[in-house]
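Subject: Structure for you to look at

Hello,

Here is the structure I promised to pass on. Please open it beside this email and follow along.

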Amino acid sequence: MKVAITLLGTFASLAFQVVAQNDTSLLSRPNIVLIMADDLGYGTLGCYGGKEIKTPHIDQLAADGQRFTDFHSNGVMCSPTRAALLTGRYPQRCSWVPDEELSPVFREQRRKNLAQRWAWGISASELTIAEVLQQVGYHTGIIGKWHLGYDAKFHPMNQGFDEFRGFIGGNVDYHTHVAGYGLKQLDWWNHRQVENESGYATDLLTKYATDFISQHKEKPFFLYLSHAAPHAPWQRKDPNKKMSQAETYHEMIAHLDQSVGSITEALRKHHLSSKTLVIFCSDNGQAAPRGVSANGRLKGKKGNMLEGGHRVPMIASWPGVIPVGTTNDQTVMSMDFFPTFTKLAGATIPQDHALDGSDLMPLLSDPKQSSDRVLHWLFGESWAVRDGPWKLSGRAQNALSLVNLETDLEENTNLLKEHPERVLELKKLHQQWIKSVGNR
(Lines give C-alpha, C1' and ligand atoms only; values in the text may rest on other atoms or scores of the structure.)
Protein backbone atom coordinates (compact mmCIF):
# COMPACT_ATOMS: atom_id res chain seq x y z
CA MET A 1 0.00 0.00 0.00
CA LYS A 2 1.24 3.46 -0.78
CA VAL A 3 1.88 5.55 2.29
CA ALA A 4 2.35 8.93 0.63
CA ILE A 5 -0.85 10.92 0.69
CA THR A 6 0.30 14.10 -1.05
CA LEU A 7 3.38 15.04 -3.00
CA LEU A 8 5.23 17.97 -1.58
CA GLY A 9 6.98 19.89 -4.32
CA THR A 10 10.73 19.77 -4.51
CA PHE A 11 11.00 23.36 -3.36
CA ALA A 12 8.79 23.13 -0.28
CA SER A 13 11.77 22.63 2.04
CA LEU A 14 13.63 25.66 0.73
CA ALA A 15 13.54 29.08 2.32
CA PHE A 16 12.06 31.87 0.22
CA GLN A 17 14.75 34.00 -1.37
CA VAL A 18 14.22 37.21 -3.26
CA VAL A 19 17.57 37.80 -4.90
CA ALA A 20 18.41 40.94 -6.82
CA GLN A 21 19.05 39.77 -10.36
CA ASN A 22 21.34 41.48 -12.82
CA ASP A 23 19.98 41.95 -16.31
CA THR A 24 22.00 39.08 -17.76
CA SER A 25 20.70 36.42 -15.39
CA LEU A 26 17.13 37.74 -15.59
CA LEU A 27 17.11 37.81 -19.38
CA SER A 28 18.21 34.18 -19.52
CA ARG A 29 14.93 33.10 -17.92
CA PRO A 30 11.99 32.09 -20.10
CA ASN A 31 8.73 33.94 -20.52
CA ILE A 32 5.70 31.94 -19.41
CA VAL A 33 2.34 32.16 -21.16
CA LEU A 34 -0.55 30.18 -19.71
CA ILE A 35 -3.74 30.20 -21.80
CA MET A 36 -6.75 28.71 -20.05
CA ALA A 37 -10.08 28.03 -21.73
CA ASP A 38 -13.26 27.92 -19.66
CA ASP A 39 -15.43 24.76 -19.73
CA LEU A 40 -13.62 23.30 -22.77
CA GLY A 41 -14.27 19.57 -23.17
CA TYR A 42 -11.61 16.91 -23.72
CA GLY A 43 -12.78 15.92 -27.19
CA THR A 44 -13.52 19.33 -28.69
CA LEU A 45 -10.18 20.15 -30.33
CA GLY A 46 -9.03 18.63 -33.58
CA CYS A 47 -5.79 17.39 -32.01
CA TYR A 48 -7.89 15.51 -29.43
CA GLY A 49 -10.06 13.84 -32.04
CA GLY A 50 -12.74 16.51 -32.41
CA LYS A 51 -14.48 16.48 -35.80
CA GLU A 52 -17.15 19.17 -35.48
CA ILE A 53 -14.98 22.27 -35.08
CA LYS A 54 -11.77 23.22 -36.85
CA THR A 55 -9.04 24.38 -34.46
CA PRO A 56 -5.97 24.81 -36.68
CA HIS A 57 -3.99 27.13 -34.40
CA ILE A 58 -4.35 25.00 -31.28
CA ASP A 59 -3.65 21.89 -33.35
CA GLN A 60 -0.48 23.57 -34.62
CA LEU A 61 0.56 24.36 -31.06
CA ALA A 62 0.26 20.63 -30.33
CA ALA A 63 2.20 19.74 -33.48
CA ASP A 64 4.96 22.13 -32.38
CA GLY A 65 5.06 20.77 -28.84
CA GLN A 66 3.56 18.15 -26.57
CA ARG A 67 -0.03 17.01 -26.08
CA PHE A 68 -1.07 15.49 -22.75
CA THR A 69 -3.72 12.76 -22.79
CA ASP A 70 -4.09 12.40 -19.00
CA PHE A 71 -4.11 15.98 -17.74
CA HIS A 72 -6.70 16.87 -15.09
CA SER A 73 -8.10 20.03 -13.58
CA ASN A 74 -7.87 20.07 -9.80
CA GLY A 75 -11.54 20.88 -9.59
CA VAL A 76 -14.65 19.96 -11.51
CA MET A 77 -15.70 23.62 -11.36
CA CYS A 78 -13.92 26.88 -12.14
CA SER A 79 -12.72 28.41 -8.89
CA PRO A 80 -11.17 25.37 -7.14
CA THR A 81 -8.97 24.74 -10.18
CA ARG A 82 -7.87 28.38 -10.27
CA ALA A 83 -7.01 28.31 -6.56
CA ALA A 84 -4.88 25.19 -7.09
CA LEU A 85 -3.20 26.65 -10.15
CA LEU A 86 -2.16 29.84 -8.37
CA THR A 87 -0.97 28.17 -5.16
CA GLY A 88 0.38 24.77 -6.28
CA ARG A 89 -1.81 23.16 -3.66
CA TYR A 90 -5.00 21.16 -3.57
CA PRO A 91 -7.84 23.69 -3.36
CA GLN A 92 -8.97 22.03 -0.14
CA ARG A 93 -5.66 23.02 1.44
CA CYS A 94 -6.01 26.66 0.35
CA SER A 95 -7.24 29.05 2.99
CA TRP A 96 -10.42 30.71 1.81
CA VAL A 97 -11.56 34.02 3.17
CA PRO A 98 -13.63 33.79 6.37
CA ASP A 99 -17.20 35.05 6.19
CA GLU A 100 -16.46 37.92 8.57
CA GLU A 101 -13.88 39.36 6.13
CA LEU A 102 -16.45 39.66 3.35
CA SER A 103 -18.71 42.62 2.86
CA PRO A 104 -22.32 41.79 3.87
CA VAL A 105 -23.66 41.45 0.34
CA PHE A 106 -21.04 38.88 -0.67
CA ARG A 107 -21.22 37.13 2.70
CA GLU A 108 -24.88 36.41 2.08
CA GLN A 109 -24.24 35.22 -1.46
CA ARG A 110 -21.51 32.83 -0.34
CA ARG A 111 -23.80 31.31 2.28
CA LYS A 112 -26.16 30.39 -0.54
CA ASN A 113 -23.45 28.40 -2.33
CA LEU A 114 -20.99 26.86 0.10
CA ALA A 115 -19.58 24.50 -2.55
CA GLN A 116 -17.96 27.44 -4.34
CA ARG A 117 -16.25 29.15 -1.40
CA TRP A 118 -13.11 29.89 -3.43
CA ALA A 119 -15.13 32.10 -5.78
CA TRP A 120 -15.42 34.65 -2.97
CA GLY A 121 -11.72 34.80 -2.32
CA ILE A 122 -8.65 32.91 -1.20
CA SER A 123 -6.91 34.27 1.85
CA ALA A 124 -4.28 36.97 1.43
CA SER A 125 -2.01 34.68 3.43
CA GLU A 126 -1.83 32.27 0.48
CA LEU A 127 1.29 32.60 -1.66
CA THR A 128 0.53 32.78 -5.38
CA ILE A 129 2.72 31.96 -8.35
CA ALA A 130 2.34 35.58 -9.46
CA GLU A 131 3.80 36.82 -6.17
CA VAL A 132 6.78 34.48 -6.44
CA LEU A 133 7.54 35.42 -10.06
CA GLN A 134 6.99 39.10 -9.38
CA GLN A 135 9.55 39.08 -6.59
CA VAL A 136 12.26 37.58 -8.77
CA GLY A 137 11.86 40.17 -11.51
CA TYR A 138 9.07 38.91 -13.77
CA HIS A 139 6.37 41.27 -15.01
CA THR A 140 3.09 39.54 -14.23
CA GLY A 141 -0.28 39.98 -15.85
CA ILE A 142 -3.68 38.33 -15.77
CA ILE A 143 -6.02 38.95 -18.66
CA GLY A 144 -9.55 37.56 -18.50
CA LYS A 145 -11.33 35.70 -15.74
CA TRP A 146 -10.26 35.92 -12.09
CA HIS A 147 -13.09 34.31 -10.05
CA LEU A 148 -11.10 34.16 -6.81
CA GLY A 149 -12.68 37.03 -4.94
CA TYR A 150 -15.35 39.61 -5.71
CA ASP A 151 -14.47 42.09 -2.95
CA ALA A 152 -11.87 44.71 -3.87
CA LYS A 153 -9.47 43.44 -1.21
CA PHE A 154 -9.13 40.17 -3.17
CA HIS A 155 -8.40 41.89 -6.46
CA PRO A 156 -5.72 40.07 -8.54
CA MET A 157 -3.38 43.05 -8.29
CA ASN A 158 -3.35 42.36 -4.54
CA GLN A 159 -2.26 38.79 -5.27
CA GLY A 160 0.95 39.40 -7.21
CA PHE A 161 -0.23 40.59 -10.61
CA ASP A 162 1.20 43.84 -11.96
CA GLU A 163 -1.61 44.16 -14.49
CA PHE A 164 -5.22 43.07 -14.79
CA ARG A 165 -7.58 43.41 -17.74
CA GLY A 166 -10.76 41.38 -17.64
CA PHE A 167 -13.48 40.39 -15.23
CA ILE A 168 -13.64 39.43 -11.57
CA GLY A 169 -16.59 37.03 -11.61
CA GLY A 170 -17.47 33.68 -13.11
CA ASN A 171 -18.69 34.90 -16.48
CA VAL A 172 -19.74 38.01 -18.38
CA ASP A 173 -21.96 38.91 -21.26
CA TYR A 174 -19.60 38.83 -24.25
CA HIS A 175 -20.97 42.13 -25.58
CA THR A 176 -22.11 44.24 -22.62
CA HIS A 177 -19.53 42.80 -20.15
CA VAL A 178 -22.13 42.67 -17.39
CA ALA A 179 -21.50 39.93 -14.84
CA GLY A 180 -23.65 36.82 -14.92
CA TYR A 181 -22.75 35.83 -11.34
CA GLY A 182 -22.28 37.78 -8.13
CA LEU A 183 -23.53 41.32 -8.47
CA LYS A 184 -25.05 41.55 -11.93
CA GLN A 185 -23.39 44.78 -12.95
CA LEU A 186 -20.58 45.89 -15.25
CA ASP A 187 -17.56 43.65 -14.61
CA TRP A 188 -14.86 44.83 -17.00
CA TRP A 189 -11.64 46.05 -15.41
CA ASN A 190 -8.70 48.14 -16.54
CA HIS A 191 -6.28 47.35 -13.74
CA ARG A 192 -8.10 48.59 -10.59
CA GLN A 193 -10.89 50.51 -12.29
CA VAL A 194 -14.15 49.27 -13.79
CA GLU A 195 -14.01 50.64 -17.31
CA ASN A 196 -16.04 49.29 -20.19
CA GLU A 197 -14.82 49.03 -23.76
CA SER A 198 -16.93 48.07 -26.75
CA GLY A 199 -16.12 44.78 -28.38
CA TYR A 200 -16.55 41.02 -28.23
CA ALA A 201 -14.93 39.67 -25.05
CA THR A 202 -12.71 37.05 -26.72
CA ASP A 203 -11.35 39.60 -29.19
CA LEU A 204 -10.71 42.22 -26.50
CA LEU A 205 -8.86 39.78 -24.25
CA THR A 206 -6.73 38.70 -27.19
CA LYS A 207 -5.87 42.32 -27.96
CA TYR A 208 -4.92 42.97 -24.33
CA ALA A 209 -2.72 39.86 -24.35
CA THR A 210 -0.84 40.71 -27.57
CA ASP A 211 -0.36 44.28 -26.31
CA PHE A 212 1.06 42.88 -23.07
CA ILE A 213 3.59 40.81 -25.02
CA SER A 214 4.61 43.80 -27.13
CA GLN A 215 4.99 46.12 -24.14
CA HIS A 216 7.00 43.71 -21.97
CA LYS A 217 9.12 41.86 -24.52
CA GLU A 218 12.44 43.14 -23.19
CA LYS A 219 12.38 41.26 -19.86
CA PRO A 220 10.79 38.00 -18.67
CA PHE A 221 7.05 38.05 -18.17
CA PHE A 222 4.30 35.79 -16.90
CA LEU A 223 1.06 36.14 -18.86
CA TYR A 224 -2.01 34.31 -17.58
CA LEU A 225 -4.63 34.60 -20.33
CA SER A 226 -7.79 33.27 -18.72
CA HIS A 227 -10.40 33.24 -21.46
CA ALA A 228 -14.15 33.46 -20.95
CA ALA A 229 -14.82 31.13 -23.88
CA PRO A 230 -16.53 28.80 -24.29
CA HIS A 231 -18.33 29.36 -20.97
CA ALA A 232 -21.98 30.42 -21.16
CA PRO A 233 -23.68 32.66 -22.13
CA TRP A 234 -23.25 31.19 -25.61
CA GLN A 235 -23.10 34.32 -27.74
CA ARG A 236 -21.92 34.81 -31.30
CA LYS A 237 -19.78 37.76 -32.29
CA ASP A 238 -22.51 39.26 -34.46
CA PRO A 239 -25.66 39.34 -32.30
CA ASN A 240 -27.80 39.98 -35.39
CA LYS A 241 -26.71 36.79 -37.10
CA LYS A 242 -29.12 33.90 -36.58
CA MET A 243 -27.49 30.69 -35.38
CA SER A 244 -28.42 27.60 -33.40
CA GLN A 245 -26.80 27.17 -29.99
CA ALA A 246 -24.51 24.50 -31.42
CA GLU A 247 -23.43 26.77 -34.27
CA THR A 248 -22.84 29.61 -31.82
CA TYR A 249 -20.73 27.33 -29.63
CA HIS A 250 -18.69 26.25 -32.65
CA GLU A 251 -18.04 29.89 -33.51
CA MET A 252 -16.92 30.64 -29.95
CA ILE A 253 -14.37 27.83 -30.12
CA ALA A 254 -13.18 29.14 -33.48
CA HIS A 255 -12.58 32.59 -31.93
CA LEU A 256 -10.72 30.94 -29.04
CA ASP A 257 -8.55 29.12 -31.57
CA GLN A 258 -7.85 32.35 -33.43
CA SER A 259 -6.80 33.91 -30.13
CA VAL A 260 -4.19 31.19 -29.61
CA GLY A 261 -2.94 31.87 -33.12
CA SER A 262 -2.66 35.59 -32.35
CA ILE A 263 -0.62 34.88 -29.22
CA THR A 264 1.83 32.57 -30.97
CA GLU A 265 2.12 35.04 -33.85
CA ALA A 266 2.90 37.87 -31.40
CA LEU A 267 5.67 35.75 -29.88
CA ARG A 268 7.12 35.07 -33.34
CA LYS A 269 6.86 38.72 -34.34
CA HIS A 270 8.92 39.79 -31.33
CA HIS A 271 11.38 36.87 -31.66
CA LEU A 272 10.24 35.38 -28.35
CA SER A 273 9.13 31.89 -29.41
CA SER A 274 12.36 30.17 -28.39
CA LYS A 275 12.34 32.08 -25.10
CA THR A 276 8.77 31.25 -24.11
CA LEU A 277 6.96 28.29 -22.58
CA VAL A 278 3.36 28.33 -23.82
CA ILE A 279 0.72 26.16 -22.14
CA PHE A 280 -2.88 25.76 -23.22
CA CYS A 281 -5.46 23.96 -21.05
CA SER A 282 -9.02 24.09 -19.69
CA ASP A 283 -10.21 24.77 -16.14
CA ASN A 284 -12.63 21.81 -15.99
CA GLY A 285 -14.72 19.56 -18.21
CA GLN A 286 -17.29 20.54 -20.78
CA ALA A 287 -20.49 22.48 -20.30
CA ALA A 288 -21.73 22.60 -23.89
CA PRO A 289 -25.12 22.98 -25.55
CA ARG A 290 -27.19 19.92 -26.35
CA GLY A 291 -26.13 18.22 -29.53
CA VAL A 292 -22.46 19.22 -29.26
CA SER A 293 -19.95 16.38 -28.94
CA ALA A 294 -17.50 18.10 -26.60
CA ASN A 295 -15.97 15.24 -24.63
CA GLY A 296 -15.19 12.60 -27.23
CA ARG A 297 -15.12 9.17 -25.58
CA LEU A 298 -15.46 10.49 -22.06
CA LYS A 299 -18.61 10.39 -19.99
CA GLY A 300 -19.55 13.20 -17.66
CA LYS A 301 -19.30 16.96 -17.69
CA LYS A 302 -18.45 19.95 -15.57
CA GLY A 303 -19.39 19.40 -11.94
CA ASN A 304 -19.11 15.61 -11.64
CA MET A 305 -16.41 13.03 -10.96
CA LEU A 306 -16.64 11.13 -14.23
CA GLU A 307 -13.56 11.66 -16.41
CA GLY A 308 -15.41 14.19 -18.55
CA GLY A 309 -15.68 16.45 -15.51
CA HIS A 310 -11.93 16.90 -14.97
CA ARG A 311 -9.84 15.25 -17.71
CA VAL A 312 -9.16 18.15 -20.07
CA PRO A 313 -6.83 19.17 -22.91
CA MET A 314 -3.33 20.36 -22.09
CA ILE A 315 -0.69 21.32 -24.64
CA ALA A 316 2.82 22.65 -23.95
CA SER A 317 5.17 24.20 -26.50
CA TRP A 318 8.69 25.58 -26.18
CA PRO A 319 10.79 25.34 -29.35
CA GLY A 320 14.17 23.78 -28.75
CA VAL A 321 13.22 22.49 -25.30
CA ILE A 322 10.03 20.44 -25.63
CA PRO A 323 10.21 17.71 -28.31
CA VAL A 324 7.89 18.57 -31.20
CA GLY A 325 4.86 16.48 -32.06
CA THR A 326 5.06 14.36 -28.92
CA THR A 327 2.29 12.83 -26.81
CA ASN A 328 2.51 12.44 -23.05
CA ASP A 329 0.33 9.87 -21.26
CA GLN A 330 1.44 10.67 -17.71
CA THR A 331 -1.13 11.82 -15.14
CA VAL A 332 -0.70 15.49 -14.19
CA MET A 333 -2.83 18.27 -12.70
CA SER A 334 -3.32 22.03 -12.70
CA MET A 335 -1.45 22.40 -9.41
CA ASP A 336 1.74 21.24 -11.17
CA PHE A 337 2.12 24.59 -12.93
CA PHE A 338 3.25 26.38 -9.74
CA PRO A 339 6.41 24.32 -9.08
CA THR A 340 7.15 24.17 -12.81
CA PHE A 341 7.05 27.94 -13.27
CA THR A 342 8.82 28.58 -9.97
CA LYS A 343 11.79 26.47 -10.93
CA LEU A 344 12.02 27.97 -14.42
CA ALA A 345 12.08 31.44 -12.85
CA GLY A 346 14.89 30.47 -10.50
CA ALA A 347 12.81 31.24 -7.41
CA THR A 348 12.37 29.30 -4.20
CA ILE A 349 9.44 29.34 -1.78
CA PRO A 350 8.87 29.35 1.99
CA GLN A 351 9.01 26.22 4.08
CA ASP A 352 5.46 26.77 5.31
CA HIS A 353 4.02 26.76 1.76
CA ALA A 354 3.68 23.02 1.35
CA LEU A 355 3.26 22.19 -2.33
CA ASP A 356 1.16 19.32 -3.65
CA GLY A 357 2.15 19.85 -7.28
CA SER A 358 5.25 18.53 -9.04
CA ASP A 359 7.66 20.10 -11.51
CA LEU A 360 6.59 19.13 -15.04
CA MET A 361 9.82 19.99 -16.84
CA PRO A 362 11.28 16.45 -16.63
CA LEU A 363 8.10 15.17 -18.29
CA LEU A 364 8.07 17.95 -20.85
CA SER A 365 11.68 17.28 -21.77
CA ASP A 366 11.19 13.51 -21.89
CA PRO A 367 7.59 12.20 -22.27
CA LYS A 368 8.76 8.72 -21.23
CA GLN A 369 9.49 9.91 -17.69
CA SER A 370 7.16 8.39 -15.09
CA SER A 371 4.80 10.40 -12.88
CA ASP A 372 3.64 7.82 -10.35
CA ARG A 373 1.50 9.30 -7.57
CA VAL A 374 -1.90 9.17 -5.93
CA LEU A 375 -4.23 12.04 -6.89
CA HIS A 376 -7.49 13.28 -5.40
CA TRP A 377 -10.61 15.28 -6.23
CA LEU A 378 -13.31 16.59 -3.90
CA PHE A 379 -16.32 18.77 -4.61
CA GLY A 380 -19.11 18.99 -2.08
CA GLU A 381 -19.73 15.40 -1.00
CA SER A 382 -18.49 13.91 -4.27
CA TRP A 383 -14.93 12.62 -4.45
CA ALA A 384 -12.49 10.51 -6.45
CA VAL A 385 -9.03 9.05 -5.89
CA ARG A 386 -6.66 7.88 -8.62
CA ASP A 387 -3.74 5.44 -8.24
CA GLY A 388 -2.21 4.41 -11.55
CA PRO A 389 -5.04 3.22 -13.81
CA TRP A 390 -7.41 2.66 -10.88
CA LYS A 391 -10.01 5.26 -10.00
CA LEU A 392 -12.42 5.02 -7.09
CA SER A 393 -15.31 7.46 -6.93
CA GLY A 394 -17.85 8.03 -4.21
CA ARG A 395 -20.13 10.33 -2.32
CA ALA A 396 -19.80 11.17 1.38
CA GLN A 397 -18.70 7.92 3.08
CA ASN A 398 -19.83 5.64 0.27
CA ALA A 399 -17.65 4.24 -2.51
CA LEU A 400 -19.80 4.05 -5.63
CA SER A 401 -17.59 3.14 -8.58
CA LEU A 402 -14.23 1.48 -9.27
CA VAL A 403 -12.86 1.54 -12.81
CA ASN A 404 -9.62 0.68 -14.57
CA LEU A 405 -9.06 3.63 -16.88
CA GLU A 406 -6.36 1.84 -18.84
CA THR A 407 -8.91 -0.62 -20.21
CA ASP A 408 -12.13 1.32 -19.65
CA LEU A 409 -11.66 5.03 -20.29
CA GLU A 410 -15.40 5.36 -20.89
CA GLU A 411 -16.07 4.10 -17.31
CA ASN A 412 -18.60 1.54 -18.50
CA THR A 413 -17.74 -1.29 -16.10
CA ASN A 414 -18.00 -0.88 -12.34
CA LEU A 415 -15.49 -3.27 -10.69
CA LEU A 416 -16.46 -2.42 -7.13
CA LYS A 417 -17.52 -5.97 -6.25
CA GLU A 418 -14.72 -7.69 -8.17
CA HIS A 419 -11.88 -5.91 -6.33
CA PRO A 420 -12.89 -5.32 -2.70
CA GLU A 421 -9.26 -5.15 -1.50
CA ARG A 422 -8.43 -2.38 -3.95
CA VAL A 423 -11.57 -0.50 -2.93
CA LEU A 424 -10.50 -0.61 0.71
CA GLU A 425 -6.97 0.50 -0.14
CA LEU A 426 -8.10 3.46 -2.25
CA LYS A 427 -10.77 4.48 0.22
CA LYS A 428 -8.21 4.48 3.02
CA LEU A 429 -5.87 6.66 0.93
CA HIS A 430 -8.73 9.06 0.31
CA GLN A 431 -9.69 9.25 3.97
CA GLN A 432 -6.06 9.92 4.95
CA TRP A 433 -5.89 12.66 2.34
CA ILE A 434 -9.10 14.24 3.67
CA LYS A 435 -7.53 14.41 7.14
CA SER A 436 -4.44 16.08 5.70
CA VAL A 437 -6.21 18.82 3.71
CA GLY A 438 -9.58 19.27 5.40
CA ASN A 439 -13.02 18.19 4.24
CA ARG A 440 -14.07 21.23 2.23
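Below is what I found, topic by topic.

Keep in mind that this is a predicted model.

**The sheet**

Start with the open sheet of four strands. Their order is β13-β14-β15-β16, and the pairing is antiparallel. In general, strands of a sheet pair through backbone hydrogen bonds, and the pairing can be parallel or antiparallel.

Which strands stand at the edges? They are β13 (374-379) and β16 (398-404). Each has a single partner strand, so one side of each is left without a neighbour in the sheet. On average, neighbouring strands of this sheet are turned by 15 degrees against each other, direction ignored.

Now look at β14 (residues 382-387) and β15 (residues 390-395). They pair in the antiparallel sense over six bridges. To find your place, pick W383. Opposite W383 stands G394 in β15.

**The cysteines**

How many disulfides are there? The count comes to zero. A disulfide would need two cysteine sulfur atoms within 2.5 Å.

Take C47. The cysteine sulfur closest to its own is in C281, 13 Å away, which is too far for a bond.

Are C47 and C281 buried or exposed? C47 has a relative accessible area of 18%, so it is buried. C281 is buried too, with a relative accessible area of 0%. The cut-off for buried is under 20%.

**Helix α9**

Next, go to helix α9 (residues 337-345). Eight of its nine residues are buried, so the helix is largely enclosed by the rest of the structure. The buried residues include three phenylalanines, F337, F338 and F341. P339, T340, T342, L344 and A345 are buried as well.

What follows α9? The next residue is G346. The phi of G346 is positive, near 75 degrees.

**A patch on the surface**

Finally, turn to the surface. V178, L186 and V194 form a nonpolar patch there. Together they have about 190 Å² of accessible area.

Where is V178 found? Look in the loop between β5 (163-167) and β6 (189-190). V178 has a relative accessible area of 31%, so it counts as partly exposed.

Best wishes

Methods. Residues are numbered from 1 along each chain as its sequence is written. This is a predicted model: local features need pLDDT of at least 70, side-chain atom pairs count only at pLDDT 80 or more; totals for chains, interfaces and linings use all residues. Side-chain values use heavy atoms; hydrogens and water are left out. Two strands pair if DSSP finds at least two bridges between them. Helices (H or I, at least four residues) and strands (E, at least two) are DSSP runs, numbered from the N terminus. Axes are lines fitted to C-alpha atoms, for helices over the stretch in contact, and angles run from 0 to 180 degrees between N-to-C directions. Buried means under 20% relative accessible area, exposed over 50%, partly exposed in between (1.4 Å probe, protein chains only). Patches are made of residues with over 30% relative accessible area and no salt bridge: like charges are joined within 9 Å, nonpolar side chains (Val, Leu, Ile, Met, Phe, Trp, Tyr) within 5 Å. Accessible areas come from the Shrake-Rupley method with a 1.4 Å probe; for residues, only the protein chains shown count as cover. A salt bridge is a side-chain nitrogen of Lys or Arg within 4 Å of a carboxyl oxygen of Asp or Glu.
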